[in-house]
Amino acid sequence: MLKHLKFLIIGIFFGIVLIKSEVISWFRIQEMFHFQSYFMYAIIGSAVVVGAISVQIIKRSNLKSFSGEEINLTGKPFNKVGNTLGGLIFGFGWALTGACPGPLYALLGAGYWAILIAIISALLGVIVYGYLRPKLPH
Amino acid sequence: MLDLLRGPWPWFISGPLLGLMVPLLLFTGNKQFGVSSSLRHICTAIFPLKADYFKYKWKDYLWSLVLVAGTIVGAFFAVVFLDGDSAPAVSEAAKSMFAQWGLKEIDGILPAEIFSVQNLLSLPTLLMLGVGGFFIGFGTRYGNGCTSGHAIMGLSLLNPGSLAAVISFFAGGIIVSNFIIPLLLRL
């Protein structure tokens with residue numbers, strides 16, 4: 001259990017930042033998709049800059065994790081159809097609900113009970129994908 | 001200090017803090033940041049599913065479920081103690097668009113006129129949450145990642161597949177937000 005305590009703390013940090021950054025806001029998401037403000041792009045962009053700099057520092061200085069392991073920096077495989085078609089479908093859902101998976105959980109914590117419908121539907125979507133997977137092009 | 005935290009956070013604070021998720025998880029647990037796989041682990045953990053996709057030891061990924069449990073707690077904390085439910089200061093252009101869409105007020109995280117529990121049984125709301133949620137689950141698993149795993153983590157790794165996915169996220173979102181949402185809100 002103690003092994004997982006750090007993930008709970010990091011998750012709490014993530015939840016606070018998701019809310020206070022406004023990236024979970026339905027209004028902000030629609031504004032972003034209409035290019036009416038740079039706000040969301042600046043948040044995502046600066047997040048990527050911090051992430052990318054961290055990755056480069058780890059790579060160049062060959063830093064280890066706190067437990068001394070070699071840090072795994074292998075990217076996910078490039079599935080041309082899966083990444084584009086799956087990504088497109090997720091984009092539809094992102095605009096419809098105004099939420100991506102992190103915010104689904106955050107909105108639940110924020111007391112927006114209606115989001116339970118989206119969460120249950122998302123689980124259903126995962127199950128349908130799991131069964132269709134052998135038949136889908138990736 | 002608390003007053004400062006309660007006010008709206010500028011993008012150059014919250015963006016880098018979100019990016020910190022990458023080194024935090026890499027250093028503390030040698031884990032790559034990602035959220036949408038937790039949806040698969042939940043399905044595997046609670047439903048007796050026979051497809052191969054659900055045949056693995058979900059307990060090996062308990063960290064991911066603990067992370068999202070923390071996310072729920074953190075969001076609750078932010079709303080209760082840090083005024084997290086206040087209205088975002090969206091642009092004038094966005095304000096007039098929302099007015100055109102028939103939304104009377106911009107308040108809270110989600111528009112109450114659409115997403116309040118009382119309005120749950122209206123057709124637009126059911127479509128937005130039900131169909132939208134389904135697309136999130138199906139699409140993130142088909143695309144193997146979401147805004148966390150592909151946009152923040154994947155782009156940080158300069159991973160080409162993640163870039164393709166992120167471009168697709170935005171293509172899908174732009175299409176729906178511009179052409180479908182206005183139609184749905186007129187139903």
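**Cysteines, chain B and its interface with chain A**

Counting over all chains gives 0 disulfides, a disulfide being a pair of cysteine sulfur atoms within 2.5 Å. In general terms, a disulfide is a covalent bond between the sulfur atoms of two cysteines. Take Cys100(A): the closest cysteine sulfur, in Cys146(B), lies 6.2 Å from its own, which is too far for a bond. Cys146(B) is likewise in no disulfide, with the sulfur of Cys100(A) as its nearest cysteine sulfur. Cys100(A) is buried at a relative accessible area of 8%, where buried stands for under 20% relative accessible area, exposed for over 50% and partly exposed for in between (1.4 Å probe, protein chains only). Cys146(B) is buried too, with a relative accessibility of 1%.

A word on the ground rules. This is a predicted model, in which local features need pLDDT of at least 70 and side-chain atom pairs count only at pLDDT 80 or more, while totals for chains, interfaces and linings use all residues. Residues are numbered from 1 along each chain as its sequence is written, chains are lettered from A and ligands numbered from 1 in the order in which they are written, and side-chain values use heavy atoms, with hydrogens and water left out.

Chain B comes with 10 helices and 0 strands; these are DSSP runs numbered from the N terminus, helices being H or I with at least four residues and strands E with at least two. Its C-alpha trace spans about 50 × 45 × 35 Å along the principal axes. Of the 187 residues in chain B, 55% are buried. Looking at contacts in chain B (heavy atoms within 4.5 Å) between residues at least 6 apart in sequence, 47% join residues at least 24 apart.

Now for the meeting of the two chains: 111 residues of chain A are in contact with 130 residues of chain B. Together the chains bury about 10,500 Å², with 77% of it on carbon and sulfur atoms; buried area here is the accessible area (1.4 Å probe) that two parts lose on being put together, summed over both. On the chain A side, Lys20(A), Phe27(A) and Tyr105(A) lose the most area to chain B, together 8% of what that side buries.

As for where the chain A side comes from, helix 4 of chain A gives the largest share, 17 residues.
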